[in-house]
Amino acid sequence: MHVTVEVVGEDVHEFDVEGASYADLLERVDLSPHEVSVMVDGRPVPEDQPVESEHVTVLRLVQGG
């Protein structure tokens, strides 16, 4: 499955994934599940859920250190 991951206010990434979770997508864009919310169709989804959408929006909640 081809998935587009949009990190709001930053970059857009495209991946081909099979059997991946949303946490796996976050790892690919070097983000932690503790600092973001993963959204599909405007609704948050659990990071451990399998990827079922072709477009994912990632909203950073924590930035900097």
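1. Two strands are taken to pair if DSSP finds at least two bridges between them. Strands are DSSP runs of E with at least two residues, numbered from the N terminus. On that basis, 5 strands make up an open sheet with mixed pairing, in the order β2-β1-β5-β3-β4. Its edge strands, each pairing on one side only, are β2 and β4 (43-44).

2. The model is predicted: local features need pLDDT of at least 70, side-chain atom pairs count only at pLDDT 80 or more, and totals for chains, interfaces and linings use all residues. Residues are numbered from 1 along each chain as its sequence is written, and side-chain values use heavy atoms, with hydrogens and water left out.

3. Strands β1 (residues 2-7) and β2 (residues 12-16) run antiparallel and are joined by 5 bridges. Within this pair, valine 5 has histidine 13 of β2 as its bridge partner. The two strands form a hairpin with 4 residues between them, and glycine 9 in the turn has a positive phi of about 80°.

4. Elsewhere in the sheet, β3 (residues 36-40) pairs with β5 (residues 55-60) in the antiparallel sense over 4 bridges. Here the bridge partner of serine 37 is leucine 59 in β5.

5. Valine 8 lies in the loop between β1 and β2. Valine 8 counts as partly exposed because its relative accessibility is 39%, where partly exposed lies between buried (under 20% relative accessible area) and exposed (over 50%), with a 1.4 Å probe and protein chains only.
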